[in-house]
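Visitor: I am new to this structure. Please pick one part, look at it closely, and then take me on to what else can be seen.

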Amino acid sequence: MATNKVIAICQSGGEFVTIKDGSLSYSGGDAFAIDIDQNTSMSDFKSELAENFGFGLETMTLKYFLPGNKKTLISISKDKDFKRMVNFSADAGNVEIFVLPEEAGAKNLSVLPASRSSRTTASEGVVPLITAAGDIVDEDMTNDFQIELAMPDDSPLPCNFVLIDQKHNTAIQQWENVITGVDQRFNTFIEFRDALHKYSVAHGFAYKYKKNDSHRVSVKCKAQGCPWRITAARLSTTQLICIKKMNPRHTCERAVIKPGYRATRGWVRTILKEKLKAFPDYKPKDIAEDIKKEYGIQLNYSQAWRAKEIAREQLQGSYKEAYSQLPLICEKIKETNPGSIATFMTKEDSSFHRLFISFYASISGFKQGSRPLLFLDNAILNSKYQGVMLIATASDAEDGIFPVAFAIVDSETEENWLWFLEQLKSALSETRRITFVADFQNGLKNAIAQVFEDAYHAYCLRQLAEKLNVDLKGQFSHEARRYMINDFYSVAYAATPEGYYSALETIKSISPDAYNWVIECEPHHWANALFQGERYNQMYSTFGLDFYSWVSEAHEFPITQMIDEFRAKMMQSIYTRQVESREWVTTLTPSNEEKLQKEIGLAQTLEVSSPEGSLFQVNGGECSVNIVDIDQCDCDCKIWRLTGLPCSHAIAVIECIGKSPYEYCSRYFTVESHRLMYAESIQPVPNMDRMMVDEPPEGLVCVTPPPTRRTPGRPKMKKIEPLDMIKRQLQCSKCKGLGHNKKTCKAI
C-alpha cells in the first residue's frame, strides 16, 4: 500500500479561515495536482512546486493536515517529514499541501516615544494607539508626535507585515482596495487620510507624511529605500480631493507583527459608524467583543464607550451645536408647517431653558375631531445634557394616542408646568371646557387651576394608588394593603353614589386611617361617582404609552434630531391612520361600533314603561329597574354619561320612541370626527438633521447648552408598573411586626 500513488493537491496564494468549531479552511489562490509516492524525493517535489508557483527553493514552507484533523498544520522541513506525510496519506489517496512563502521570524517590538517636533506619522499597527493608562489616542494628534516600533537589533523597521492571527484577515481584506490609484476622488482630506490608514493596515506597511496641509497631502513608505509614494491634492475650482500621483510598488521586506499596538479613536470610530447606522443601540460591551473578534484588538469598556460616543456624535451631530441650531429650526418648523407653534426661552447667559412645539396638524386635529380631554405627563431624557419632556396628548375615537404638544425643560417643576400650559392654552385657543387627566404633584394641581380656570382636573388613578401604597407601608401587612388597594379602585370606578359609598365603607372597616386618607385626597377629582367633568372612563395620565416608546428610542439624540424624530413619528402615525380610516364604512369607528352593537343586543330583553315627561322606566331581568332621562342623555346606571355611548337601558328607550341609537352617540366616536382629527398632515423640515449654522441669522439669538450634565450611573427610565404591583413586606414570625424577620427581631 505504501508504493501506491498519492495525489498531492498543492495550493498557494490563498488564506486560512478559522471556522466556529476551531478547524481551519483554506480559500482562494492557485492549486496544482502532483502524484507522489515513497520514491519521490522532497527536493524533486519542491523543484516542481517552485516551477509551478514561481517561488525560490529556499523561500517556501510546506504544511499539511493529518487525515481527520484540520485544526493542526504539520510542517515539512526534511525528507523524513515528507515520507511520513506520504505514509499517513496512503489510505486516503490524496493530501492537501499548502505552499507558503518563508515567513520572517516575529520580533519583539516596543513602543518608544519620539520628538514632538517630528512630522512623521506611523501606521504600523492595525489599530489606534492605546496608552498604558488605557486611553485611546486621538488620530488628529498623530501629526504632532512620532510613534516608533523599534527592532531589538536597531535594524530599520520593515514596513510590511502579516497578522499572526489569520482569522482576523477577513475583516482587514475589505480595505485592500479603498485606494485604487491615480484620479481616484474623495470628498475631503479627512476621508482620504482615513482611506490611507485602512489601506496601509490591509497591505501591511507604515507610512509617513512628507506634506500634510489643507491643499496637498504627500505620503511615502516609511521603510528606507522603498519607492511607494502617493500624493493627493484639491481639484481646482472644486472641493474634491484627487490622487495626483501614486507609485504602488513596494520593495521592502515583510515582518510578522501582532495587532494591537496602535488604536486611534478615529480608527475605532470609522469601524463603528456603519454599525451604529444599522444598530443604534450597539452596546459598548458588544463593541469590545466584536472589535476583538474581527480585528484582534482588545478594548476595555471605557474605550469602547468613548469610541461609540465619538462615532455617534459624527453620525447624529454635535450635542453642543444642536442647541445653536434651535432658533433656525423653530423658524423652519413654522415656515414648513404654517400655523405651528415653535418657541423657546434662554436664561440670562443665553443657555437653553425651555422649548415648546405644537404642530398645526395637532392643533387642528384636537379642535376639529378630538374629545375635550388632554393627558399630561412627563418623560425623562437621558441625553448628554439631560432634561425632562412635558407631554400633552389626546385620544382619538379608537383610543389611539394623538400628541398635541410637547416641551423640553430642565426639570419637572411648577414653574415649568405653568409655562408649558400657558403655551398650550395660547396654541389651542379652545372654547370648550377641557378635562385634564394628570398627576396632582410637582406643581400640576396649581398650574392647571391657574392657567385653565374653568377646566376639570382628574387626578391620575395610578399615581394615587402608588401614593396610598407608600403611605400605608409599615402600618399594614402585604395582604391588608392589597385588599385596600383593590377597594380603592372600587371606590374610584364606582359609577353611582351608592356604589361609591359602599366601597368607601369597606375601606373604613379595614382601617379608619386609610378611610381618612381617601377622603383627604379629594375624591371629587378622581372618583367616577363624584367627578363632574367628562373623561370618558379614562383614569390614567400614562395613556400615551406609544409616545414613551418614541422617547426611549430618541432620548439620547441631540435636541434637534430628537425633535425631528418625534416629528417623523407623528407624521407617520397621522398618515397611517388616515389610510386606515378610508376603509371604514360604518357610522362609528370599529371599536365603538362593536360596543354599541353589544348594547343593542342587550336592549332586546328590556321592557320600557310609559314615560313621565322625558323620564322612562326600563325593566330588566332579576327585578332590576333603571330610570332613563332621554333629554339629559343620562341613565341611573351612569354608563351613558361615563362612556359617551348609550347603555342598553337608553337604547331600549331610544328604539321605543322610534329613533336611532346613533343619534345619541357622542360625535367624537364617529368616523367623520376621526377623519377630521387626522385631516391635516405634518410636513417634513428640509435638511433638519444636517443643518449647520456658524452664525445665527440676524435677529436670532445664539443658544448654548444648559449647564446640566448627565450624572454618573445608570440612567433612570420611566417605568409603568402593573396596577396590582405591591412588593411584599417582611413580617417577623416572632413578634408579627413589619419591616424585619425573626433573625433581626429585637423583641425579647
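Guide: Start with strand β1, which is joined to strand β4 (residues 30–36) by seven bridges, the two running antiparallel. Two strands count as paired if DSSP finds at least two bridges between them. Helices (H or I, at least four residues) and strands (E, at least two) are DSSP runs, numbered from the N terminus. This is a predicted model: local features need pLDDT of at least 70, side-chain atom pairs count only at pLDDT 80 or more, and totals for chains, interfaces and linings use all residues. Residues are numbered from 1 along each chain as its sequence is written, and side-chain values use heavy atoms, with hydrogens and water left out.

β1 has another pairing, with strand β7 (residues 94–101), in the parallel sense over five bridges. β1 itself spans residues 6–12 and is mostly covered, with five of its seven residues buried. Buried means under 20% relative accessible area, exposed over 50%, and partly exposed in between (1.4 Å probe, protein chains only).

Now a sheet elsewhere. Five strands form an open sheet, in the order β11-β15-β14-β13-β12, with antiparallel pairing. Its edges are β11 (185–186) and β12 (207–212), each pairing on one side only. Inside the sheet, β13 (residues 216–221) and β14 (residues 229–234) run antiparallel and share five bridges. Val217 finds its bridge partner, Ala232, in β14. Helix α4 (residues 189–203) lies across β11, β12, β13, β14 and β15 (241–247). α4 runs at about 165 degrees to β14. Such axes are lines fitted to C-alpha atoms, for helices over the stretch in contact, and angles run from 0 to 180 degrees between N-to-C directions.

Rings come next. A search of the whole structure finds 24 aromatic pairs. The rings of Tyr207 and Tyr209 have centres 5.9 Å apart and planes at 90 degrees, so they are edge-to-face. Rings of Phe, Tyr and Trp (its six-membered ring) pair if their centres lie within 6.5 Å; planes under 30 degrees apart count as stacked, over 60 as edge-to-face and the rest as tilted. Tyr207, at 3% relative accessibility, counts as buried. Tyr209, at 10%, is buried too. Phe488 and Tyr489 have ring centres 6.1 Å apart and planes at 55 degrees, so this pair is tilted. Phe488 and Tyr489 are both buried. Elsewhere, ring pairs link a cluster of Phe356, Trp417, Trp419 and Phe420.

Turn to helix α14 (residues 478–493), where Met484 has its place. Met484 has a relative accessibility of 1%, so it counts as buried. Beyond its neighbours within four places in sequence, Met484 is in contact with several residues, among them Leu468, Phe476 and Ile510. Contact means heavy atoms within 4.5 Å. Met484 and Lys508 are 24 residues apart in sequence and 9.5 Å apart in space, C-alpha to C-alpha. The charged end of Lys508 sits over the ring of Tyr515, 4.8 Å from its centre. A charge sits over a ring if NZ of Lys or CZ of Arg is within 6 Å of the ring centre and within 35 degrees of the ring normal. Likewise, the charged end of Arg482 sits over the ring of Tyr483, 5.1 Å from its centre.
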